[in-house]
Structures are given as C-alpha cells and as structure tokens.
Amino acid sequence: HQSGLPVRRRGGQRRHASGTQRTSTGSERAMPAVACGAAARRLALPALVMSVGLAACGPHPDLAQDRAALIRLHEVQRQAHLARRADLLVATFADTFYSVASGEVDTPSHAASMKRFQAYFGRSTFLAWDDRVPPIIRISPDGQMAYVIVRKEVRVTQPDGAGVPRAIHTTYAWLETYEKNQGVWRLHAIASTVHPNPPSPPTED
C-alpha cells in the first residue's frame with residue numbers, strides 16, 4: 001500500500017501508515033496510557049513546587065516573644081513563692097502535669113497541687129528564692145515546645161518538730177518542659193534535684 005492510505009484489518013479497523021488507529025466509524029484513538037502518564041508528570045511538578053512554596057511562606061513563630069513569655073512565667077513562679085500564693089503557681093500548670101523527684105514520677109491534679117503547695121507555703125517564710133545563674137531557655141523551631149533549666153538558691157524559715165523556727169538554705173536544680181496550648185505556654189513536666197546546704201542554727205526571737 002502507499003503511505004497515508006488506510007489498510008483494512010480484521011475487526012473493522014483501518015490503520016494509517018502514520019501509526020494512528022482509526023475505528024470503523026472514522027474516529028481517531030490516541031495512545032491513552034502514554035498520554036495520561038505524560039500529563040500526570042506535567043501536573044505533578046508544578047503541584048510539588050507549589051506545596052513547597054506554601055510551606056516556606058507559612059507563618060513563622062516569634063521566638064523572641066516566646067522567650068519573653070517563658071521568662072514572665074519564671075518570674076511568676078518567684079512571686080508565687082515569696083507571696084505564698086499556690087494559686088499563682090498552679091495556674092501555670094498544664095491539665096496533665098508530671099513531677100519527677102526522689103526516684104518518683106507523680107501526676108497530681110490541679111486540686112492536689114494546690115493542696116500540696118499551699119501547705120508548704122503555709123509553714124514557710126521565704127527569705128530568698130533567687131537564680132544562681134540565669135535560666136537556660138530552648139524553644140523548638142516551630143514555637144510549640146520549650147524547656148527551661150533552672151538553678152535556684154532558696155532561703156526559708158520553717159518550724160521544726162518543736163515549733164522552733166529554723167533557717168533552711170538549699171540549692172535546687174530542675175528541668176521544666178513547656179508546651180503551647182492555643183497560644184499559651186503551660187508547664188507540662190518538672191524534674192528536680194536538690195543539694196542541701198549545711199543546716200543553720202535556730203533563729204533567735
């Protein structure tokens with residue numbers, strides 16, 4: 001046959017020499033698998049570029065603002081101790097709060113934490129609750145989690161078994177972990193260590 005002229009094949013199809021198939025009704029049929037694969041590849045690359053671009057253009061956390069918020073919480077803790085306000089302290093806790101100390105892991109409720117700290121504050125008079133060194137603050141790149149390392153010098157008077165006030169001087173070191181919940185930092189866990197200093201003599205009236 002000559003080039004470009006149809007060749008009759010079994011089943012009612014005619015094939016042109018150019019390789020395009022024509023049905024008995026005269027409609028042309030392309031190679032669907034190849035065409036769809038090429039189209040998918042053409043669409044996939046722009047979609048990938050767009051998704052990467054949107055991620056890069058997403059909102060970035062203000063880590064300086066987050067750091068300032070964590071420092072304010074650190075100061076609230078100090079105010080709560082000096083003013084003997086358990087409510088100020090417990091208000092910074094997350095709904096699920098972990099306390100790690102003395103080989104134990106505790107998950108007290110807010111009510112239990114209030115009772116414990118108010119009892120402690122009720123028998124204590126704080127003379128100092130000061131940082132030995134500035135707190136070390138690290139914030140995750142997405143601004144959703146953070147930890148704070150604290151070394152604190154605490155001077156307090158408490159009554160002994162006979163009711164005689166005694167001065168207690170202690171150095172604490174602890175690690176706090178925070179999570180941001182609806183834009184508010186909450187204390188989720190604290191792991192604490194203590195280094196008792198030599199006991200002080202009884203205070204004079």
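This is a predicted model: local features need pLDDT of at least 70, side-chain atom pairs count only at pLDDT 80 or more; totals for chains, interfaces and linings use all residues.

Reader: Nice. Where do Asp-131 and Lys-152 lie?

Author: Asp-131 is in strand β7 and Lys-152 is in strand β9, so the pair ties together parts that are 21 residues apart in sequence.

Reader: And is Lys-152 buried or exposed?

Author: Lys-152 is buried, because its relative accessible area is 1% and buried means under 20%. Asp-131 is partly exposed, with a relative accessible area of 31%.

Reader: How many salt bridges are there by this rule?

Author: The count comes to 6 salt bridges. Another one joins Arg-78 and Asp-130, with the closest N and O atoms 3.0 Å apart. That pair links distant parts of the chain: Arg-78 sits in helix α2 and Asp-130 in strand β7, 52 residues apart. Arg-78 counts as partly exposed at 27% relative accessibility, and Asp-130 is partly exposed too, with a relative accessible area of 30%.

Reader: Let me step back a bit. How many helices and strands does the protein chain have?

Author: The protein chain has 4 helices and 11 strands. It has 205 residues, and 23% of them count as buried.

Reader: Okay, what about the inside? Which residues of the largest nonpolar core touch the most other members?

Author: Those are Leu-70, Phe-93, Phe-117, Tyr-178 and Trp-185, out of 24 residues in that core. Several elements supply at least two residues each, including α2, α4, β5 and β10. Strand β9 gives the most to this core, with 5 residues.

Reader: Why would they gather like that?

Author: In soluble globular proteins, nonpolar side chains tend to be buried together.

Reader: How many aromatic pairs turn up in the whole structure?

Author: A search finds 8 aromatic pairs. Phe-93 and Phe-117 make one that is edge-to-face, at 6.3 Å centre to centre and 70° between the planes. Phe-93 belongs to strand β5 and Phe-117 to helix α4, so to speak of the chain, they are distant parts 24 residues apart. Both Phe-93 and Phe-117 are buried.

Reader: And how are Tyr-120 and Phe-121 arranged?

Author: Tyr-120 and Phe-121 form a tilted pair, 5.7 Å centre to centre with 40° between the planes. Phe-121 counts as buried, at 0% relative accessibility.

Reader: Changing topic: what's Thr-92 touching?

Author: Not counting residues up to four places away in sequence, Thr-92 touches Leu-73, Val-76, Arg-186 and Leu-187. Thr-92 is found in the loop between α3 and β5, and at 7% relative accessibility it counts as buried.

Note on methods
Residues are numbered from 1 along each chain as its sequence is written. Side-chain values use heavy atoms; hydrogens and water are left out. A nonpolar core is a set of buried Ala, Val, Leu, Ile, Met, Phe, Trp, Tyr and Cys residues joined through side-chain atoms within 4.5 Å. Buried means under 20% relative accessible area, exposed over 50%, partly exposed in between (1.4 Å probe, protein chains only). Contact means heavy atoms within 4.5 Å. Rings of Phe, Tyr and Trp (its six-membered ring) pair if their centres lie within 6.5 Å; planes under 30 degrees apart count as stacked, over 60 as edge-to-face and the rest as tilted. A salt bridge is a side-chain nitrogen of Lys or Arg within 4 Å of a carboxyl oxygen of Asp or Glu.
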